[in-house]
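These are my notebook entries on one structure. I wrote down what I looked up, in the order I looked.

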Amino acid sequence: MPTIHHLNAGTLVVPGYPTVVCHCLAVHDAGRTVLIDSGIGLLDGLDPDGRLGRGLVEAAGFRFNARDTAYQRLVSLGIDPESVSDIVLTHADPDHAGGLADFPTARVHVSAEEHARVTAGHPRYAPRLFNHGPSWRTYAGAGVDWFGLPAARVDVPIPTAVLLVELPGHTAGHRGVAVESGGRWVLHAGDAYYLRAELTDAHHPVSAFAASRADDDDARVTSLGHLRRLAADHADAVSMFGYHDITELPRGCIDWE
Ligand SMILES: [Zn+2]
């Protein structure tokens with residue numbers, strides 16, 4: 001059975017909105033570590049203008065603190081960052097992909113659709129975050145039915161089952177990442193919602209912002225509906241969290257309050 005660590009790997013502050021975090025997972029099993037999303041990276045803090053661009057840094061409210069990186073969080077937990085062999089991305093937005101370069105030899109698993117849009121130079125991505133040449137593994141199609149959602153099994157070198165679950169909309173290739181642990185599942189829902197309240201409030205004010213950031217808003221709303229159903233019907237089998245809601249980080253993950 002894996003040990004699943006919840007990490008805060010970044011903070012974003014936009015006036016008028018709650019402060020949000022970058023909630024990654026480190027799945028440690030059989031001496032290896034698989035990261036789910038990579039947060040804001042150490043290199044981003046050293047060269048934010050070069051890697052992200054001043055406009056993006058200000059618009060998204062990036063805050064840089066070496067402590068709030070996946071790399072440094074692993075060190076603090078006593079996990080050797082060299083044990084990170086694989087990283088699974090929900091999608092490739094800059095606040096999710098900045099940490100990739102801190103683990104330059106790791107394989108990076110992502111949906112084929114997301115990868116295609118990154119390599120085609122879609123403007124929502126920050127191309128320099130991929131300059132180190134990640135070793136991509138891409139997934140087209142599904143193959144697994146996961147609580148009624150199409151999913152693909154991720155080829156990670158640990159005994160733990162890891163699935164890319166189709167939750168498109170925020171980006172066209174956006175996925176959730178499901179990790180099996182002790183007969184139950186943890187679902188990292190990525191940016192399929194920003195705030196947990198969206199699961200119960202169909203008219204939450206953050207929805208307008210979410211709509212504005214979506215590649216396909218109809219698909220985003222459909223994906224949100226799937227998560228509402230999962231939360232209502234399968235809470236016994238699935239614990240779910242989103243990437244940005246600070247209230248979903250377990251106690252002790254935030255040390256700057
Ligand atoms: Zn995000």
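Entry 1. In which order do the strands of the open sheet of six stand? I noted the order β8-β9-β10-β11-β12-β13, with mixed pairing. Strand names come from DSSP runs (E, at least two residues; helices are H or I, at least four), numbered from the N terminus. Two strands count as paired if DSSP finds at least two bridges between them. β8 (144-146) and β13 (238-241) are at the edges with a single partner strand each, so one side of each has no neighbour in the sheet. From one strand to the next the twist averages 35 degrees. For such angles, axes are lines fitted to C-alpha atoms, for helices over the stretch in contact, and the angle between N-to-C directions runs from 0 to 180 degrees.

Before going on I wrote down two points from the source. Residue numbers start from 1 along each chain as its sequence is written. The model is predicted: local features need pLDDT of at least 70, side-chain atom pairs count only at pLDDT 80 or more, and totals for chains, interfaces and linings use all residues.

Entry 2. I followed the pairing through this sheet. Strands pair through backbone hydrogen bonds, either parallel or antiparallel. β10 (residues 162-166) and β11 (residues 175-181) are antiparallel over five bridges, and leucine 163 has alanine 178 in β11 as its bridge partner. β11 is also antiparallel to β12 (residues 184-188), over five bridges. There alanine 178 has leucine 187 in β12 as its bridge partner. The hairpin of β11 and β12 has two residues between the strands, and glycine 182 in this hairpin takes a positive phi near 60 degrees. β12 and β13 run parallel, joined by four bridges; valine 186 stands opposite serine 239 in β13.

Entry 3. I turned to an open sheet of seven strands, which has the order β4-β1-β2-β3-β5-β6-β7 and mixed pairing. β4 (62-63) and β7 (135-139) are its edges; each has a single partner strand, so one side of each is left without a neighbour in the sheet. β1 (residues 3-12) pairs with β4 in the antiparallel sense over two bridges. Leucine 12 stands opposite phenylalanine 62 in β4.

Entry 4. Which strands does helix α4 touch? Helix α4 (residues 70-77) packs on the sheet and touches β1, β2 (20-29) and β3 (32-36), with its direction at about 140 degrees to that of β1. Contact means that C-beta atoms, placed from the backbone, lie within 7 Å. Ala70, Tyr71, Arg73 and Leu74 of α4 are buried. They are on the same side of α4, because they cover an arc of only 165 degrees around the axis. The arc is that of the directions from the helix axis to the C-beta atoms. Buried means 20 or more other C-beta atoms within 10 Å of the residue's own, exposed means 12 or fewer, and partly exposed is in between. The buried residues of α4 pack against β1, β2, β3 and α1 (42-46).

Entry 5. Is valine 13 buried or exposed? Valine 13 is in the loop between β1 and β2. I put valine 13 down as exposed because it has 12 C-beta neighbours inside 10 Å. Leaving out residues up to four places away in sequence, valine 13 touches Thr19, Gly61 and Arg63.

Key: Two residues are in contact if their C-beta atoms, placed from the backbone, lie within 7 Å.
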